[in-house]
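Subject: Structure handover

Hello,

Here is the structure we discussed. Please open it alongside these notes.

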Amino acid sequence: MKTPKVSEQLPLEFQHVPASGRDDLLISDPLSAAVTVVDAWPHWPSPVVILAGPVGSGKSHLASIWREKSGAVDIHPIEGTGAEEAAAAGPVLFEDVDRQGFEDRSLFHVINNVRQHGHTLLMTSRLWPMSWPVELPDLRSRLKAATVVEIGEPDDELLTQVIVKLFADRQLFVDDRLVAYIVARMERSLDAAQRLVERIDHLALARGSRITRALAQEVLGRMAAGEAVELED
């Protein structure tokens, strides 16, 4: 196991909690339609809304905002989990549909209960519902009636705002030219932005140095190569 240099000793870990409320949401074209739908609740065009977009596109942030606004309960439509009962009692949230999976009949009953009792269901997924492994015809019909909102990959404007915000959450203020350098070379996702800022800050603290272009370039290179940036104890 490699031992870090004295100049790269690990810093103490601090909890950096990013601001994730509605007022902290950064809005650009890829997110605008989804934000409009979340803000419009409870006056939705249909009782079931699905936010579909790539990893790190902002689905989780929007789902968190909606959960707080609506008082929704998190569910997983599998028999015996209470998902159907929760849907009959109030708004419900089912995140990462394509990764968590579901039972057709349970999700079908969840949607029916939401419709019958005048409640709402928000689902998030990387894939559009037409790509979900649904075998029950009645469920597929229900999903066709849902409002599907696509979230595109973040553009340069949004990534710039996010990078600045993530550094600010850590009480760090980085030069605009350095931010532009990072945005031009990073993976196009909000998840990547989160990991990138965390690792840049971590490495700068470990070395007791400023956040420079050279340091950012090093982290970008390691991430592109799939290497861990964290240092060994």
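Contact here means heavy atoms within 4.5 Å. On that basis, and leaving aside its neighbours within four places in sequence, isoleucine 182 is in contact with Ile163, Phe167, Leu196, Ile200, Ala216 and Leu220.

Some ground rules. This is a predicted model, in which local features need pLDDT of at least 70 and side-chain atom pairs count only at pLDDT 80 or more, while totals for chains, interfaces and linings use all residues. Residues are numbered from 1 along each chain as its sequence is written, and side-chain values use heavy atoms, with hydrogens and water left out.

Overall make-up

The chain has 10 helices and five strands. These are DSSP runs numbered from the N terminus: helices are H or I with at least four residues, strands are E with at least two. Of the 233 residues, 46% count as buried. Buried means under 20% relative accessible area, exposed means over 50%, and partly exposed is in between (1.4 Å probe, protein chains only). Take the contacts in the chain with a separation of 6 or more: residues 24 or more positions apart account for 74% of them.

The cores

A nonpolar core is a set of buried Ala, Val, Leu, Ile, Met, Phe, Trp, Tyr and Cys residues joined through side-chain atoms within 4.5 Å. The largest one holds 44 residues. Which of them touch the most other members? They are Ile163, Ile182, Met186 and Ile200. Helix 9 supplies the largest share, eight residues. There is also a second, separate core of 23 residues, which includes Ile50, Val97, Leu143 and Ala146.

Helix 7 against helix 9

Two packed helices are described by the angle between their axes and the distance between the axes. Helix 7 (residues 156-169) and helix 9 (residues 190-207) pack at about 35°, with axes 10 Å apart. The axes are lines fitted to C-alpha atoms over the stretch in contact, and angles run from 0 to 180 degrees between N-to-C directions. The crossing is right-handed. That label applies if the near helix is turned clockwise from the far one by less than a right angle; anticlockwise is left-handed. From helix 7 come Leu158, Leu159, Val162, Ile163, Leu166 and Phe167. They meet Leu190, Ala193, Gln194, Val197 and Ile200 in helix 9. The residues of this contact divide into 10 nonpolar, one polar and no charged. Nonpolar covers Ala, Val, Leu, Ile, Met, Phe, Trp, Tyr, Cys and Pro; charged covers Asp, Glu, Lys and Arg; the others, Gly among them, are polar.

The tryptophans

The whole structure has four aromatic pairs. Rings of Phe, Tyr and Trp (its six-membered ring) pair if their centres lie within 6.5 Å; planes under 30 degrees apart count as stacked, over 60 as edge-to-face and the rest as tilted. Tryptophan 41 and tryptophan 66 are edge-to-face, 6.2 Å centre to centre with 90° between the planes. Tryptophan 41 lies in the loop between helix 1 and strand 1 and tryptophan 66 in helix 2, so the pair ties together parts 25 residues apart in sequence. Both residues are buried. Tryptophan 44 and tryptophan 66 are stacked, at 5.4 Å and 20°. Ring pairs link Trp41, Trp44 and Trp66 into a cluster.

Backbone points to check

The peptide bond from tryptophan 41 to proline 42 is cis, with omega near 10°. Aspartate 96 has a positive phi of about 55° although it is not a glycine. Aspartate 96 sits in the loop between strand 3 (92-94) and helix 4 (97-100) and is partly exposed at 22%. Glutamine 171 also has a positive phi, near 60°. Glutamine 171 is in the loop between helix 7 and helix 8 and is exposed, at 62% relative accessibility.

Two buried residues

Leucine 51 lies in strand 1 and is buried at 0%. Its C-alpha is 8.5 Å from that of tryptophan 128, 77 residues away in sequence. Serine 106 is in helix 5 (residues 104-117) and is buried at 2%. Beyond four places in sequence, serine 106 is in contact with Pro77, Ile78, Glu79 and Glu84.

Best wishes
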